[in-house]
Amino acid sequence: MNRILVVAALCGVFSFPALAQNQPAKPAAVPDSEKLEKSAESLNRMKSALKSVLTRVEEARNEKDVVKLNCVNEKLTQIKGLLKVAEQSDIALHEAIANKDAAAENEFAKIGIARTKVDGLKNDAEQCIGQLAYI
């Protein structure tokens, strides 16, 4: 008899509401106005990171440190690409919200992911050490 219960439970014959309660709840939806505010804030933060990394590029050029310049330029190129994606997603977010389209959530998520990656790349650019560090 116990084997039948185990097999039935494994096959999903019985439902266990206690198991469903342990699953994480879905996050509450962010209101559209808040999405637009956070999107603008994220874009501003990414642009600020871009300016910061551009300053690092100039410092490396002035130091004539090729290793550091290559390292920082690599991060700069990636940040530019992510910023472009985020700006396109911001436009798509505005359109989706205006059309009451469900795609707004995806565009908002893209912007958040880009912001996180840009923050990491900015930190990586600050960690670039060059040829002069070894001398």
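What span should the 24 residues of helix H5 have at 1.5 Å a residue, and how far apart are its end C-alpha atoms? I started there. H5 covers residues 104–127 and should span 34 Å, and I find its end C-alpha atoms 35 Å apart, which agrees. I keep in mind that this is a predicted model.

**Overall layout**

I count six helices and zero strands in the protein. Read from the N terminus, the order is α-α-α-α-α-α. Of the 135 residues, 29% are buried. I also looked up contacts between residues at least 6 apart in sequence: 73% of them join residues at least 24 apart. The exposed surface comes to about 9,500 Å², with 56% of it supplied by carbon and sulfur atoms.

**H5, again**

I have Ala104, Glu107, Phe108, Ile111, Ala114, Arg115, Val118, Asp119, Leu121 and Ala125 down as buried. An α-helix has 3.6 residues a turn, so residues three or four places apart point the same way. What do the buried residues of H5 pack against? They pack against helix H3 (32–63) and helix H4 (66–98).

**H3**

The buried list for H3 reads Lys35, Ser39, Ser42, Leu43, Met46, Ala49, Leu50, Val53, Val57 and Ala60. H4 and H5 are among what covers these buried residues. Just after H3 I noted Lys64, which takes a positive phi of about 55°.

**The core**

Which residues have the most contacts inside the largest nonpolar core? I get Met46, Val53, Ile79, Leu93 and Val118, in a core of 26 residues. H3, H4 and H5 are the elements that give two or more residues to this core. H4 brings the largest share, ten residues.

Leaving aside residues up to four places away in sequence, Met46 touches Leu83, Ala86, Ile111, Ala114, Arg115 and Val118. Of these, Ile111, Ala114, Arg115 and Val118 are on my buried list for H5.

**Val67**

Last stop: Val67, which sits in helix H4. Is Val67 buried, partly exposed or exposed? Its relative accessibility is 42%, so I log Val67 as partly exposed, since that class lies between the 20% and 50% cut-offs. I also checked Val67 against Ile129: the two are 62 residues apart along the chain, and their C-alpha atoms are separated by 7.6 Å.

Notes. Residues are numbered from 1 along each chain as its sequence is written. This is a predicted model: local features need pLDDT of at least 70, side-chain atom pairs count only at pLDDT 80 or more; totals for chains, interfaces and linings use all residues. Side-chain values use heavy atoms; hydrogens and water are left out. Helices (H or I, at least four residues) and strands (E, at least two) are DSSP runs, numbered from the N terminus. The expected span of a helix is 1.5 Å times one less than its number of residues. Buried means under 20% relative accessible area, exposed over 50%, partly exposed in between (1.4 Å probe, protein chains only). Contact means heavy atoms within 4.5 Å. Accessible areas come from the Shrake-Rupley method with a 1.4 Å probe; for residues, only the protein chains shown count as cover. A nonpolar core is a set of buried Ala, Val, Leu, Ile, Met, Phe, Trp, Tyr and Cys residues joined through side-chain atoms within 4.5 Å.
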